[in-house]
Amino acid sequence: MKLALKVTEVEQLSPLVKRFRFEDPKGASLPVFSGGAHITVDMPEEDAIRRNSYSLISDPYDGTGYEIAVRREDRGRGGSLYMHTKVAEGDDITVSLPSNLFQLDLRAKKHVLIGGGIGITPFLSQLKQLEMEQKPFELHYAARSREEAAGLKLLQEAAHIHVHISEEGARMDLGAILDGQPMGTHVYTCGPDGLITAVADQTARLGWPKTAVHSEAFTAPPPGEPFEVVIASTGQTVTVKADQSLLEALEAAKVEIDSSCRGGACGRCHTKVTACDGRILHNDHWLSEGERAAQQDIMPCMSRFKGTRLELDL
Amino acid sequence: MPNTEFSPSIDSRPTYAGLSSQGAAPAIMVADAAGAAALIDLATADASVMDHAHVILVAKAPDMAARLTDLGPKALHEAPDFEAATPLVSQLLDSAKMGTQLYLAGSEGLMGHVSALATTAGMPLEAIQMEHRGSIARRMQCVHCKGITEDVTTDPFTCSHCGLTLFVRDHFSRRLGVFQGVCVDAETPGVVPETVEIRA
């Protein structure tokens, strides 16, 4: 199900990041969500619809509107550029219902949220949920410079909200943050892969069980060289353009395929490969190392292909 | 006597993989008299496991307490029964930091009770290791009156609270740390199957 909304606010938060607010054109209440949820935004261009998922940054219990923050990626596929250059206040915009792949574990006694750069976004809704439920938490936000730290405008000053600006010599010290946390603490990380790996390593050294360690690394699908795939059931050939994801190309060709997050995290578009002469460029966070190497599975929302023939079991 | 092997059953029925050392990490160990032997085996395999361990012996067994003290734990606490041990275990869990390991050994009743306390304190299940030693008696909750009957060794058995005749199920409540007992003659009052010993 899709929601047809209006863009009611666009705000430049930092040189690279804009905040967007969407509301129902008639002022109807939108479905509420849970902290960490995202929506998928439709970006129609002449010949195709591009779709990217963005974390909701507004209050999960506030149905008057949805807000997202988008970082402009000049070397991306064009989704964020579309948001930055083509979307203005008053425009119509189509988005999906919220869904959540990065929810809080409500069994936790305390939540430690660690956001790097634009990875702060899912925590902006989570911390509103935590404040509302009066759950103990601390938030750590790491950014290179104060100017680039778009999240600063959206965070209040509070004792349990810590900002680490590396340019000012205040690099985040994960050992100091994680060592000595009370029993029942869960940690959540969103940001660059290096940060997620560093938190995983540090918690493993401290003997934290893996179920207390959560992360989200979903990014927009990367662009790449064009390639072709063959649909096994019909023999149809589908061409994937440089700035298009395989999932978007399949949708444009009316090939039936399930999907949700469009960021390689949820597993819904998992597709079997029936023939592969070449190399699948896996960009998802879903398949295991073994599955990647076997080249018999692909996540069309993120992954691409280089070679002579890729046949999908669709 | 090694870790007891129980017959395969429904997913709800807990299984006990046995204790293996996680090294010299902060640890809480709780055992009854039979379970203490598992802690001795654990420390024999890796003496460093005791370096930061609080050991709670839930039994009146001075000889066993002496043997555990010899293993050099950070502290040895003794409690005559569950009830006496509970405030101590809860206090240790509440002041524990992430990374603390929980080692439980002994009866299913003891392990179920302490693991329920631990999960209430926020401890993830993977931080809990268990090894069954000794009696296979069960701690049973009556699903009708909610009363708990300790040391149940027969099936069916009589609820010590409401007096119903209860069938011993493998359905286990992790929240409460008890197996569930259900009225065996609800449909046909008075028609009760023959009483048998519970088996592993």
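The UniProt annotation "domain: FAD-binding FR-type", from an unreviewed entry, covers residues 1-105 of chain A; UniProt positions follow the numbering used here, feature names are shortened, and annotations may be inferred rather than shown by experiment. Over residues 1-105 of chain A, the chain is 8% helix and 43% strand, with the end C-alpha atoms 27 Å apart. Helices (H or I, at least four residues) and strands (E, at least two) are DSSP runs, numbered from the N terminus. The structure is a predicted model, in which local features need pLDDT of at least 70 and side-chain atom pairs count only at pLDDT 80 or more, while totals for chains, interfaces and linings use all residues. Residues are numbered from 1 along each chain as its sequence is written, and chains are lettered from A and ligands numbered from 1 in the order in which they are written.

The predictor assigns the complex an ipTM of 0.85 and a pTM of 0.87. For chain B the mean pLDDT (the predictor's confidence in each residue, from 0 to 100) is 94, and 100% of the residues of chain B reach 70 or more.

Between the two chains, 16 residues of chain A are in contact with 15 residues of chain B, where contact requires that the C-beta atoms of two residues, placed from the backbone, lie within 7 Å. On the side of chain A that touches chain B there are seven nonpolar, six polar and three charged residues. In this classification Ala, Val, Leu, Ile, Met, Phe, Trp, Tyr, Cys and Pro count as nonpolar, Asp, Glu, Lys and Arg as charged, and the others, Gly among them, as polar.

Chain A is divided into domain 1 (2-96), domain 2 (110-216) and domain 3 (227-312), with domain bounds taken from an automatic or database domain assignment. The centres of domain 1 of chain A and domain 3 of chain A, taken over C-alpha atoms, are separated by 26 Å. Contact between these two domains involves eight residues of domain 1 of chain A and seven residues of domain 3 of chain A. Strand β4 (residues 49-55) of chain A gives the most to the domain 1 side of this contact, with four residues. By class, that side of domain 1 of chain A has one nonpolar, four polar and three charged residues.

In chain A, five strands form an open sheet in the order β13-β12-β16-β14-β15, with mixed pairing; two strands pair if DSSP finds at least two bridges between them. Strands β13 (237-240) and β15 (297-298) of chain A are the edge strands, each pairing on one side only. Strand β12 (residues 227-231) of chain A pairs with strand β16 (residues 304-312) of chain A in the parallel sense over two bridges. Within this part of the sheet, A:Leu312 in β16(A) is the bridge partner of A:Ile231.

Chain B is divided into domain 1 (27-132) and domain 2 (138-197), whose C-alpha centres lie 28 Å apart. Seven residues from domain 1 of chain B and eight residues from domain 2 of chain B take part in the contact. The side of domain 1 of chain B that touches domain 2 of chain B has one nonpolar, five polar and one charged residues. In UniProt, the feature "domain: Dimethylamine monooxygenase subunit DmmA-like C-terminal" (unreviewed entry) is placed at residues 139-182 of chain B. This span is 0% helix and 61% strand, and its end C-alpha atoms lie 13 Å apart.

B:Arg133 is found in the loop between β5 (128-132) and β6 (138-142) of chain B. B:Arg133 counts as buried because it has 25 C-beta neighbours inside 10 Å; a residue is buried if 20 or more other C-beta atoms, placed from the backbone, lie within 10 Å of its own, exposed if 12 or fewer, and partly exposed in between. B:Arg133 and B:Ala31 are 102 residues apart in sequence, and their C-alpha atoms are 9.4 Å apart in space.

Strand β6(B) is largely enclosed by the rest of the structure, because five of its five residues are buried. B:Arg138, B:Met140 and B:Cys142 point one way from β6(B), and B:Arg139 and B:Gln141 the other way. Strand β6(B) runs antiparallel to strand β7 (residues 148-152) of chain B, joined by three bridges, with B:Gln141 opposite B:Ile148 in β7(B). The hairpin of β6(B) and β7(B) has five residues between the strands, and in this hairpin B:Lys146 takes a positive phi near 75°. Three bridges also join β6(B) to strand β11 (residues 178-183) of chain B, in parallel, and B:Cys142 stands opposite B:Gly181 in β11(B).
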